[in-house]
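Subject: A structure for you to look at

Hello,

I'm passing on the structure I promised you. Please open it alongside this email, and then read on for what turned up.

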Amino acid sequence: MLDIAPVLVPVTAVCWVLLMIGAMITHLRHNEAKFIVLNLFYLALAAFVAWGRLGPEPF
C-alpha cells in the first residue's frame with residue numbers, strides 16, 4: 001500500500017521547492033519578511049527530501 005509509486009515523492013519535493021521559490025519572490029515583492037523565513041524553512045525541508053530520494057545514495 002505504501003510503495004505504489006515511490007517516484008512521486010521526489011517529484012513532489014522538487015515541485016514544492018519551485019513553489020516555495022515562487023512564494024518567496026511574491027512575499028519579497030509585498031515586503032513580508034517573516035513569511036520569507038517560513039518559506040525558506042519549507043524549502044529546506046523539501047530540498048532535503050528531494051536530495052535524499054534523488055541523491056547519490058537514496059535513502
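Here is what was found, from the overall shape down to single residues.

Please keep in mind that this is a predicted model.

**The overall shape**

The secondary structure is quickly told: the protein contains 2 helices and 0 strands. Its radius of gyration is 14 Å, whereas the globule rule gives 10 Å for 59 residues, so the protein is more spread out than a compact globule.

Of the 59 residues, 22% are buried. The protein exposes about 4800 Å², and 75% of that area comes from carbon and sulfur atoms. As for contacts between residues at least 6 apart in sequence, 47% of them join residues at least 24 apart.

**Helix α2**

Next, have a look at helix α2, which is made up of 22 residues. From its first C-alpha to its last it reaches 31 Å, close to the 32 Å expected at 1.5 Å a residue.

Which residues of α2 are buried? They are I36, N39, L43, A46, A50 and G52. Several of these follow one another at steps of three or four, and there is a general point behind looking at such steps. An α-helix has 3.6 residues a turn, so residues three or four places apart point the same way. The cover over the buried residues of α2 includes α1, residues 8-29.

**A closer look at N39**

N39 sits in helix α2, which runs over residues 33-54. Is N39 buried or exposed? Its relative accessibility is 7%, and because buried means under 20%, N39 counts as buried. Setting aside neighbours within four places in sequence, N39 has contacts with M20, A23, M24 and H27.

**The aromatic pair**

Finally, the rings. The count comes to 1 aromatic pair, formed by F41 and Y42. Their ring centres are 5.9 Å apart and the planes meet at 50 degrees, so the pair is tilted. That label rests on the angle: under 30 degrees would count as stacked and over 60 as edge-to-face.

How accessible are the two partners? F41 has a relative accessible area of 49%, which makes F41 partly exposed. Y42, at 34% relative accessibility, is also partly exposed.

Enjoy exploring it, and write back whenever you like.

Best wishes

Note on methods. Residues are numbered from 1 along each chain as its sequence is written. This is a predicted model: local features need pLDDT of at least 70, side-chain atom pairs count only at pLDDT 80 or more; totals for chains, interfaces and linings use all residues. Side-chain values use heavy atoms; hydrogens and water are left out. Rings of Phe, Tyr and Trp (its six-membered ring) pair if their centres lie within 6.5 Å; planes under 30 degrees apart count as stacked, over 60 as edge-to-face and the rest as tilted. Buried means under 20% relative accessible area, exposed over 50%, partly exposed in between (1.4 Å probe, protein chains only). Helices (H or I, at least four residues) and strands (E, at least two) are DSSP runs, numbered from the N terminus. The radius of gyration is taken over C-alpha atoms; the globule rule is 2.2 Å times the number of residues to the power 0.38. Contact means heavy atoms within 4.5 Å. Accessible areas come from the Shrake-Rupley method with a 1.4 Å probe; for residues, only the protein chains shown count as cover. The expected span of a helix is 1.5 Å times one less than its number of residues.
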